[in-house]
Structures are given as structure tokens and as C-alpha cells.
Amino acid sequence: MADPETAGSEIARSDAALPETWIEAINDAAKELGDGWIALRRYLHQHPELSGHETLTTQYLKTLLAKLDLPIRIAGQGRGLIADLVTDKALANHPRLAIRGDIDALPIQDEKSVAYHSTVDGVMHACGHDVHATVIVAAMQLLSQLQRSGRLPWPIAARAILQPAEETAEGALHMIHHHALADVGAVLALHVDPTRQVGCVGLREHAFTAACDMLEVRFIGSGGHAARPHLTNDPIDACTRWIQSAYRRVPRAINAHDTVVLSIGMIDAGHSPNVIPDTATITGTLRSLSVEARRRTLEVLEDIGEATARETGCEVRLRLGSSAPGVMNDPALIRLLHDSAIQVLNPASVDWIDEPSMGSEDFSFYLEHVPGAMFRLGVAGDQVGGAPLHTGNFDVDEHAIAHAAKLFAASIINYFDPGR
């Protein structure tokens with residue numbers, strides 16, 4: 001990946017540069033550091049912070065990375081950070097390979113009976129961001145230890161990005177605004193996957209996740225007494241007509257090969273059972289895998305709004321909220337992850353993903369600027385790790401932390417291989 005003229009061509013191929021030597025060094029360091037990684041993950045799990053409030057988490061992670069003597073920059077509002085590991089002056093101006101993790105939690109009650117149960121009522125790391133953050137720190141610790149011990153095969157230029165607010169699709173843009181991608185040539189990320197066994201890494205080239213739009217539809221009518229609906233323009237009637245029409249028409253208007261998922265998750269209307277309200281509001285998500293399918297779906301929804309307004313006498317206002325494009329994995333970086341997984345895990349660890357996920361990830365915003373790739377990390381073990389994401393019983397087999405940390409470290413080393 002790296003240009004041999006600028007990324008270590010002057011470094012002689014010593015024994016340290018032999019793959020079996022530096023792979024052994026990674027495995028040795030992982031064994032030494034592994035208990036600390038589990039402790040870090042459990043600390044983060046016990047002390048979750050919601051999107052937009054990740055200041056204490058940021059400071060805690062800064063303290064750990066500062067022990068590695070890395071230059072660290074805190075992003076705006078004290079939320080999120082970047083840390084660089086550049087092991088040779090020859091790479092001072094060379095583009096970094098970044099590894100990104102997220103640090104925010106969800107408004108979900110932790111239902112597990114474990115010693116590391118969340119200490120914050122109603123807030124929990126139910127999407128594995130405690131694992132993601134731990135893996136990023138762990139990978140930087142691995143690389144730093146190899147450098148200090150003289151077992152790093154050649155110079156590298158790595159960057160850790162620990163971002164807030166992934167759950168609200170705001171954190172990546174926040175970090176980009178605060179120059180997290182300055183001097184970055186490519187970026188890697190992970191997401192825990194409770195449907196895969198620990199030791200398994202899910203890989204897919206090109207489309208990896210769907211684009212996601214938050215949408216709100218507001219119905220403005222004229223309310224009145226429930227006994228005299230003929231004197232009103234009923235926004236609840238308009239709301240239900242819109243939902244039924246959308247659920248019927250969208251699948252019929254979009255090419256069956258272009259997957260689109262429209263889901264309404266909230267309805268807000270009324271204050272009394274015997275009063276027809278003046279307004280009703282629905283909110284939901286639109287997920288799509290192609291630009292054309294998204295455009296066509298929005299056209300259909302506008303048509304449905306106009307028809308609903310004619311039928312009910314209510315005003316219908318469709319508004320798009322926060323959104324994230326789909327994650328498109330760079331094939332060359334997926335091959336890098338594949339080869340590295342075979343080296344530090346085993347050939348059977350790689351599981352090729354057949355279809356993209358209809359979930360969304362704000363990691364996609366980084367990919368509008370630099371190539372990148374995300375992989376899925378199996379976290380389901382025999383005793384723990386099978387509960388779904390975004391549920392109160394979600395947990396992970398913590399052996400997965402070492403697997404991901406080694407994979408990131410090996411990928412960074414391979415990326416800067418002067419003979420690659």
C-alpha cells in the first residue's frame with residue numbers, strides 16, 4: 001500500500017521484518033495486554049455517556065493514550081479525540097492509515113446481571129461502542145509496544161480516531177470538521193456482530209450498509225369534539241392514510257432489485273380520547289442501497305402527501321432530518337483486512353458477507369473524503385454474546401477484543417510494508 005520510496009525503502013529487511021517474527025510479536029504483546037483490555041471495556045460499559053455528552057469518556061481515553069507518549073488532539077466541545085503514532089521522521093508527512101471507533105451509548109436500560117453492569121440508569125452500551133473504543137486503544141498499544149521493543153518490522157504512520165455521536169449520525173461530521181482526516185490516506189473501522197461467533201470476521205467489498213434518512217411527516221388539520229368529526233379536518237385520519245399508502249405504494253413503485261425499507265417508529269397525536277387534535281406527527285426512517293431508489297422513494301412519498309392532503313383537507317409536510325450515506329467498502333482495503341486476518345487469526349476466520357446490511361453507519365461520511373473499509377467482528381461465544389444489538393441484555397465474548405486489536409495492528413503494518 002505504501003510508496004516504497006517514502007515509506008521505508010531505506011529500512012533493511014532484518015529478521016524483524018519477517019512476517020512470522022512480527023506476527024509472533026503481535027501475539028506475544030496481545031497476551032501481555034489482554035487483561036487490561038477487558039478491564040477497559042468493562043469500565044466503559046459501567047460508565048456510558050449518551051450521544052452529545054461524551055466528555056468524560058473522551059478524557060478517560062485520552063489519559064490511556066497519553067501513556068503511550070502519542071500526540072493527542074481533543075475535538076470541539078471536549079468530545080472525541082485523535083492520536084497519531086508515526087514511528088519514523090521519514091513518514092512525518094506521509095498519509096496516515098486511520099482506525100476509527102465510536103464512544104457513545106444508547107438510552108437503553110442495562111438488564112444484565114453482571115459485575116460490570118451500567119451504573120447509569122437508563123443508559124447502556126447496547127451497540128458495542130465500548131468494545132469499538134477498547135479495540136482502537138488496544139491496537140495503538142500493540143503497535144507502540146512493538147515499536148518500543150524493536151519488533152516493529154518497518155516504519156508506520158497510524159491514527160486513532162475516537163468519535164462521539166455515531167448513534168445520532170453527527171459524530172463523524174463533528175470529527176471531520178475538527179480535522180480528523182487531515183493527513184489521512186485511508187480509514188478502517190469495525191462493528192461488533194452478535195450473529196457471528198467469536199473469532200469470525202465478516203468482510204464484504206463495495207456496498208456494506210444502507211443509506212439512512214430520518215423523516216418526519218407533520219399533519220396539520222383543525223380539531224374539535226370527537227362527537228362531531230364532520231366539523232374537523234382530522235390529522236389522525238390523515239396520518240393513518242399516509243402510513244397505509246406509503247407501506248403499500250413504496251414496495252410497488254421501486255424496482256424489486258433496489259432494496260428500500262421504510263419504517264415508521266413513532267406517532268405523536270392528541271391529548272384526550274374525546275378530542276380530535278389539530279396536529280399529528282410521525283417519524284421514521286428510510287433506508288436505501290442506491291441513489292436512484294432513494295430519489296424515487298422520496299418522489300412517491302411526496303405524491304402520497306399531496307393525495308392525503310386532498311382526501312383529508314389537512315396540510316401534509318414531509319421533512320428530512322439527519323441522514324447518513326451508505327458505507328462503500330474499498331476492495332483493496334478489504335483485501336488488506338482479509339490477508340491480515342489470515343496472518344494473525346486463521347484462514348477459517350474470514351466469513352464473506354453475501355448481502356449488505358440495511359442498517360446505517362455514519363462511518364460513511366469519512367468515505368466521502370478517503371477510501372475506507374469496515375468489517376464485522378463476531379462476538380457470540382458459548383456462554384455470552386448472542387443477545388441482539390440495541391437490547392438490554394446485549395453483551396459480548398470479550399475474547400473478540402484481542403482478535404480485532406491484532407487485526408487492526410497487522411493491517412497497519414501490512415499497509416506500510418515497503419515491499420507490498
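Tutor: A residue is called buried under 20% relative accessible area, exposed over 50% and partly exposed in between (1.4 Å probe, protein chains only). Asp 183, with a relative accessible area of 52%, is therefore exposed. The model is predicted, so local features require pLDDT of at least 70 and side-chain atom pairs pLDDT 80 or more, while totals for chains, interfaces and linings use all residues. Residues are numbered from 1 along each chain as its sequence is written, and side-chain values use heavy atoms, without hydrogens or water.

Asp 183 occupies the loop between helix 4 (171-177) and strand 5; helices (H or I, at least four residues) and strands (E, at least two) are DSSP runs numbered from the N terminus. Beyond residues up to four places away in sequence, Asp 183 touches His 94, Pro 95, Arg 96 and Arg 159, where contact means heavy atoms within 4.5 Å.

A polar atom of the Arg 96 side chain lies 3.0 Å from the backbone oxygen of Ala 92. This is a polar contact: N or O atoms within 3.5 Å, one able to donate a hydrogen and the other to accept it, with residues adjacent in sequence counted only if both atoms are side-chain atoms. Leaving aside neighbours within four places in sequence, the residues in contact with Arg 96 are Asp 84, Val 86, Leu 91, Ala 157, Ala 158, Arg 159, Asp 183, Val 184, Gly 185 and Ala 186.

Among these contacts of Arg 96 are Ala 157, Ala 158 and Arg 159, and strand 4 covers residues 157-163. Gln 163 is also located in strand 4. At 0% relative accessibility, Gln 163 counts as buried. The side chain of Gln 163 makes a polar contact of 3.1 Å with the side chain of Arg 100. Apart from residues up to four places away, Gln 163 touches Arg 100, Gly 101, Asp 102, Ile 103, Gly 171, Ala 172, Met 175, Asp 362 and Tyr 366.

The chain also leads from the loop of Asp 183 into strand 5. Strand 5 (residues 184-197) runs parallel to strand 16, and eight bridges join the two; strands pair if DSSP finds at least two bridges between them. Within this pairing, His 191 has Arg 376 of strand 16 as its bridge partner. Strand 6 (residues 201-203) is joined to strand 16 by two bridges, in an antiparallel arrangement, and Val 201 stands opposite Leu 377 in strand 16.

Strand 16 (residues 372-380) is mostly covered, with nine of its nine residues buried. In a regular strand, side chains alternate between the two faces of the sheet. In strand 16 both faces are covered: one side has Gly 372, Met 374, Arg 376, Gly 378 and Ala 380, the other has Ala 373, Phe 375, Leu 377 and Val 379, and all are buried.

Elsewhere in the model, four strands form an open antiparallel sheet in the order 10-12-8-13. Strand 10 (260-269) and strand 13 (315-324) are its edges, each pairing on one side only. From one strand to the next, the twist averages 20 degrees. Strand 8 (residues 211-220) and strand 13 are joined by eight bridges and run antiparallel; Cys 212 has Ala 324 of strand 13 as its bridge partner.

Helix 5 (residues 235-253) lies across strand 8, strand 10, strand 12 (279-288) and strand 13, and runs at about 170 degrees to strand 10. Such angles, from 0 to 180 degrees, compare N-to-C directions of lines fitted to C-alpha atoms, for helices over the stretch in contact. Helix 6 (residues 291-312) also packs on the sheet, touching strand 8, strand 10, strand 12 and strand 13, and its direction makes about 155 degrees with that of strand 13.

Finally, Ala 332 is part of helix 7 (residues 331-344). Its 25% relative accessibility means that Ala 332 counts as partly exposed. Ala 332 and Ala 160 are 172 residues apart in sequence and 20 Å apart in space, C-alpha to C-alpha.
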